[in-house]
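Please look over the following notes alongside the sequence and the model, which are shown here for a first reading.

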Amino acid sequence: LGQIKQRDCLRSRGLMRVKKEPFISALALIAAWEIAAHFFPPYLFPSVTVIAKELLGILSNAGSVGGALSTFARILLGMAGAFLVGGLLGVSMGVSERMKRYIHPLLTFNQGIPALSWVVFSVIWFKSTELRIWFIILMTTLPAFAFQIYDAYHAMSKDLVEMSLSFRPTKWDKFRTLIWPSILPGIITAWKVNLGNVARVVVVAELVGATVGVGYELLQRQQMFDMAGAIAWTLVLVLFVIVSQAVVAFIEAHLLRYRPKTERSL
């Protein structure tokens, strides 16, 4: 009983450290920025108060919130498409060695193409702005989903696979009880990684003809040399990523609650 209480106490202390440290880091960054604001012109380093007013103005304006929601919807739709296509490609490579020999080089080739090139291609190929943005997000996040899911599938224990096949399961039972639990951690990891990457890509994608969205607003602030507005809109996108990462972490904790937790050595 004493050991259980001690372990729970250590866990609670660990949680407290996790909760305090981000706030300490954020306060240090805010303090450093505010100090810089006293030594540089406002158009380079606006004060934290001015940035906060800009951020509150964005969050209290229905049009600005609608523009931000448009960006968030584009991110989620683009990632959903990349997840579906990448998942199919990843599982196909895992199931068939022959498919892997065809698909793997193409995905590797895709990884070498910069996001700016996809922007140029989308402008030439598509007329619709929304289709351009969706295509750019799809192509830049597709390889990560495919490779993560393939690696998770390929990492399945050989003994576990042989034991599962000894029960002669149907294809659906095999997918439900063996493949899906094996690739689920890879799927969650891919979402975590891509959420941060696509937040940077969508800003570039929205520069191609978009009239609403975070990227469009950043372009307007750049033309007006409005540093406070640019930072405020950037923070809106950062907040979305932080909230999305927290949602993914919650889903991960729920779906993978069966996994044992290792205690960190002190």
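1. Which residues make the nonpolar surface patch of about 740 Å²? In this predicted model, where local features need pLDDT of at least 70, side-chain atom pairs count only at pLDDT 80 or more and totals for chains, interfaces and linings use all residues, the patch is made by Leu116, Val120, Phe121, Val123, Ile124, Trp125, Val204 and Leu207. Residues are numbered from 1 along each chain as its sequence is written, and side-chain values use heavy atoms, with hydrogens and water left out.

2. Helix H5 (residues 115-125) gives the most to this patch, with 6 residues, and Trp125 lies in that helix.

3. Helix H8 (residues 171-205) packs against helix H10 (residues 227-255) at an angle of about 175 degrees, their axes being 10 Å apart. That makes H8 roughly antiparallel to H10 (angles over 145 degrees count as such). By class, their contact (heavy atoms within 4.5 Å) has 9 nonpolar, 3 polar and 2 charged residues; among them are Leu184 and Ile188 in H8, and Leu237 and Val241 in H10.

4. Of salt bridges (a side-chain nitrogen of Lys or Arg within 4 Å of a carboxyl oxygen of Asp or Glu), the structure holds 5. One joins the side chains of Arg74 and Glu206 (2.7 Å, N to O). Arg74 lies in helix H3 (residues 62-95) and Glu206 in the loop between H8 and helix H9 (214-223), so the pair ties together parts that are 132 residues apart in sequence.

Methods. Axes fitted to C-alpha atoms, helices over the stretch in contact; angles between N-to-C directions. Helix = DSSP H or I, 4+ residues; strand = E, 2+ residues; numbered from the N terminus. Parallel < 35°, antiparallel > 145°, perpendicular 65-115°, else oblique. Nonpolar A, V, L, I, M, F, W, Y, C, P; charged D, E, K, R; others polar. Patch = residues over 30% accessible without salt bridge, like charges linked within 9 Å, V, L, I, M, F, W, Y side chains within 5 Å. Areas by Shrake-Rupley, 256 points an atom, 1.4 Å probe, with all protein chains shown as cover.
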